[in-house]
Amino acid sequence: STRTHIAGFNFDNCIMNAAGVYDYSAEELDAVQQSAAATFVTKSATLVPREGNPEPRYCNTPYGSINSMGLPNFGLAYYLDYVSAAQRQVPGKTYFVSLTGFNVEEDIALLRQVQASDFEGIVELNLSCPNVPGKPQTGYDFEAVTRILEAVFDLYRAPLGIKLPPYFDLVHFDQIAAILNRFPLAYVNSVNSIGNGLCVDAAAESVLIKPKQGFGGIGGAYLKPTALANVFAFRQRLNSSIQIIGTGGVQNGTDVFEHILCGADMVQVGTVLHQEGVAVFERLTRELKAVMAQKGYGGIDEFKGRLKTL
Ligand code: ORO
């Protein structure tokens with residue numbers, strides 16, 4: 001089976017959407033719920049609704065995607081209402097709500113709003129959006145991460161994980177993991193898109209997306225080695241109580257298998273979900289089961305984190 005558990009909650013499958021894909025509207029979230037996905041995470045919600053950046057702001061490329069959405073979302077109240085209804089319709093199922101504030105005060109205000117609701121699921125705090133002009137990716141500012149997590153866990157004790165940007169330096173992994181190990185995090189989700197890449201249309205001699213002169217977050221196959229490195233590096237450094245969600249570059253069941261082998265407890269899909277729609281969950285689950293059957297594995301715990309080194 002492909003069952004897993006996060007923060008003590010059980011899931012029938014270990015594959016779900018990545019925040020930001022197929023999770024903006026009730027219609028999209030309904031489609032994920034009706035698919036083979038384990039569960040859903042919402043689009044990162046802000047205190048007030050946002051339109052996001054000007055279009056075109058998402059583009060597929062031969063090896064993946066580039067986006068500069070700018071956090072379009074209907075506001076936290078919309079997603080809490082949606083999850084509240086889902087919790088009543090399917091008792092026993094657990095959902096993720098992604099949140100993103102533009103400073104510590106907003107993060108705290110978002111968490112207070114969650115606390116005041118009937119939400120019983122898992123919060124994912126997005127510390128890694130690359131696409132809001134003038135706003136740095138919080139995950140690259142280790143002092144800011146420390147300040148935010150201190151304030152967050154002063155207030156909030158229900159299950160909470162964080163979405164991180166990709167890191168590229170082993171010393172950075174040492175430094176950020178030492179900080180994260182001080183907090184009762186449920187999980188770390190690695191990785192968000194690689195920030196501020198640039199994709200070019202040679203024929204048109206132009207960038208592909210309008211915001212930020214064409215700079216945007218890179219997703220898809222480009223991302224897989226970086227994502228696997230982040231999952232594996234964090235699994236070696238984080239307390240065993242902090243789980244890992246692996247996100248980045250999944251196109252087939254073998255990619256899901258590789259994420260789990262590197263240490264992922266759950267695997268999320270973004271670009272490939274955007275490209276194929278929610279039928280991708282059935283395909284990836286079937287392909288993962290085929291890889292496991294061929295290798296004689298009955299459950300993901302039999303190979304999770306067991307990547308061999310030479
Ligand atoms: N895009 C990303 O690639 N990651 C985020 O966290 C947010 C966005 C966006 O809304 O632009």
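Trainee: What makes the crossing of helix 3 and helix 4 right-handed or left-handed?

Mentor: In this predicted model, helix 3 passes helix 4 in a right-handed crossing. The term applies because the near helix is turned clockwise from the far one.

Trainee: Why is helix 3 called roughly parallel to helix 4?

Mentor: The axes of helix 3 (residues 104-115) and helix 4 (residues 142-155) come within 10 Å and cross at roughly 25°. Angles under 35 degrees count as roughly parallel, so helix 3 is roughly parallel to helix 4.

Trainee: Which residues make the contact?

Mentor: Helix 3 contributes V104, D107, I108 and L111, and helix 4 contributes R147, I148, A151, V152 and L155. The criterion is C-beta atoms within 7 Å.

Trainee: How do you know that both faces of strand 6 are covered?

Mentor: Strand 6 covers residues 96-99, with F96 and S98 on one side and V97 and L99 on the other, and all of these are buried. Buried requires 20 or more other C-beta atoms within 10 Å, so both faces of strand 6 count as covered.

Trainee: What makes strand 6 and strand 7 a pair?

Mentor: Strand 6 and strand 7 (residues 122-126) are joined in the parallel sense over 4 bridges. Pairing needs at least two bridges, so strand 6 and strand 7 qualify. One of the bridges links S98 to E124 in strand 7. The chain gets from strand 6 to strand 7 through helix 3, in a right-handed β-α-β crossover.

Trainee: Why are strand 3 and strand 6 said to stand at the edges?

Mentor: The open sheet has 7 strands in the order 3-15-14-9-8-7-6, with parallel pairing. Strand 3 (15-17) and strand 6 each have a single partner strand, so one side of each lacks a neighbour in the sheet. Neighbouring strands of the sheet are turned by 25° against each other on average, direction ignored.

Trainee: What makes helix 6 roughly parallel to helix 7?

Mentor: Helix 6 (residues 224-237) and helix 7 (residues 253-262) pack at about 25°, with axes 8 Å apart. With the limit at 35 degrees, helix 6 is therefore roughly parallel to helix 7. K224, L228, V231, F232 and R235 of helix 6 meet D255, E258, H259 and C262 of helix 7.

Key
Residues numbered from 1 in each chain as written. Predicted model: local features only at pLDDT ≥ 70, side-chain atom pairs only at ≥ 80, totals over all residues. Buried ≥ 20, exposed ≤ 12 C-beta atoms within 10 Å, placed from the backbone. Helix = DSSP H or I, 4+ residues; strand = E, 2+ residues; numbered from the N terminus. Right-handed = clockwise from strand over helix to strand, strands pointing away. Axes fitted to C-alpha atoms, helices over the stretch in contact; angles between N-to-C directions. Parallel < 35°, antiparallel > 145°, perpendicular 65-115°, else oblique. Contact = placed C-beta atoms within 7 Å.
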